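Have a look at the model first, then read on.

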Amino acid sequence: MSPAEKLLRELIALPSVNPAFMPPNDPRAGEQRVADFLTAVAAQGRLAVERREVSPGRHNVLARLSPAKAKQRIVLAPHMDTVGDVSMPASLFQPVAKGGRLYGRGACDTKGSIAAMLSAVLNVARSSQRPRETEIVFAALIDEEAAQSGSRALVRNGFRADLAIVGEPTRTRVITAHKGDLWLTLRTRGKAAHGSQPELGRNAVRAMARIVELIETDYARQLMTKRHPLLGPATVNVGSIHGGTQPNIVPDQCEISIDRRTIPGETNASVVREIRALLRQHKLAAQVLDDKAAAPCWPMETNARLPLVQALMHVAKQSSPLGVRYFSDASVFARGGTPAVLFGPGDIAQAHTKD
């Protein structure tokens, strides 16, 4: 068994489900066990280790391999948290090898990247061929699966690098672009009335039905004209609808939630303006609210011609840059001034799945 596989097995056995998905005080929630473990492993490997508290009980772990005179810095940045829910069986945290693959909660997203990246840094630290001018920082981050508070805190506190390699399951292909994600709530207002006299009211559900039809047809087709060479078109999905209280009352309000995937060049503000203009054009009225205003998930595109990106693509035997439709911590690094790419073992098709 390789050191990386051993490390991955140990990581899978340490539950680190994002607390946003679990009841308060659930013993499987939080990244603390993984943070403690990685701190010990990095220290034993004679890396300089630092823990940075992001919120109570939740720390980013930074392990550095630093030459005397560093001229550039590369950060390897996987995340420690996983998805999950209260009904998960305990067997998910028992690593199982089958058919040359290792199964278990987080193996793909992204404990595989943690194991590969930290093992690589430890190998370099033991080598006689240490980098003379490049500082390597292994940064295990919290909360990528919910609000990206780990990467946001790191960038907010002034962390910069010449390249961030964000550990995500890319099948070890270099990803230089990804979509952003905007969640919107649209709310219609009506007037309540008794179900026996609906003409005295104004039905908010009926008003919203027209808006849903508009978004899923005309607006979706309009977005097909907004295409990115690596990411394809921007997209929209109406994910939920809630309105009214009972059958014999004309509903006075209705809400839908929308997932709007953005491409480079679009901003959250421009998307909100676009939807409001569409509603006005069709004489439809709704309040439009940005649900991710406090923690926006921006689209990202990094110049594939940058020397460090070219070097990584060469090692990966990849001639052209690639894009993915999901978002990640990479956009936070890029927004903060650090060119970023995604790179790691595993396939996104396995991420967030049952087993």
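Lys283 is exposed, because its relative accessible area is 75% (exposed means over 50%, buried under 20%, and partly exposed in between, with a 1.4 Å probe and protein chains only). Keep in mind that this is a predicted model: local features need pLDDT of at least 70, side-chain atom pairs count only at pLDDT 80 or more, and totals for chains, interfaces and linings use all residues. Residues are numbered from 1 along each chain as its sequence is written, and side-chain values use heavy atoms, with hydrogens and water left out.

- Lys283 isn't a glycine, yet its phi is positive, near 55°.
- You'll find Lys283 in the loop between α6 and β14 (287-290); helices (H or I, at least four residues) and strands (E, at least two) are DSSP runs, numbered from the N terminus.
- Arg46 is another non-glycine with a positive phi, about 65°, and it sits in the loop between α2 and β1 (48-55).
- With a relative accessible area of 76%, Arg46 counts as exposed.
- Going from Asp109 to Thr110, the peptide bond is cis, with omega near -5°; Thr110 is found in helix α3.

**Helices α5 and α6**

- The axes of α5 (residues 204-223) and α6 (residues 268-281) come within 11 Å and cross at roughly 120°. Axes here are lines fitted to C-alpha atoms, for helices over the stretch in contact, and angles run from 0 to 180 degrees between N-to-C directions.
- That makes α5 and α6 oblique to each other (under 35 degrees counts as roughly parallel, over 145 as roughly antiparallel, 65 to 115 as roughly perpendicular, and the rest as oblique).
- On the α5 side the contact (heavy atoms within 4.5 Å) uses Ile211, Leu214, Tyr219, Gln222 and Leu223, and on the α6 side Val271, Glu274, Ile275, Leu278 and Leu279.
- Those contact residues split into eight nonpolar, one polar and one charged. Ala, Val, Leu, Ile, Met, Phe, Trp, Tyr, Cys and Pro count as nonpolar, Asp, Glu, Lys and Arg as charged, and the others, Gly among them, as polar.
- Leu279, in α6, counts as buried at 4% relative accessibility.
- Leu279 and Ile211 are 68 residues apart in sequence, but 7.7 Å apart in space, C-alpha to C-alpha.
- Leaving aside neighbours within four places in sequence, Leu279 is in contact with Leu186, Ile211, Leu214, Leu284, Ala286 and Val288.

**Helices α2 and α3**

- The axes of α2 and α3 come within 12 Å and cross at roughly 15°, so α2 is roughly parallel to α3.
- This crossing of α2 and α3 is right-handed.
- Val34, Leu38 and Val41 of α2 meet Lys111, Ile114, Leu118 and Leu122 of α3.

**Nonpolar cores**

- The largest nonpolar core has 39 residues, and Leu11, Leu38, Leu47, Met80, Leu118, Phe138 and Ile165 touch the most other members. A core is a set of buried Ala, Val, Leu, Ile, Met, Phe, Trp, Tyr and Cys residues joined through side-chain atoms within 4.5 Å.
- α3 gives this core its largest share, eight residues.
- Apart from it lies another core, of 24 residues, including Val212, Val236, Ile256 and Val288.

Technical notes:
Left-handed = near helix turned anticlockwise from the far one by under 90°.
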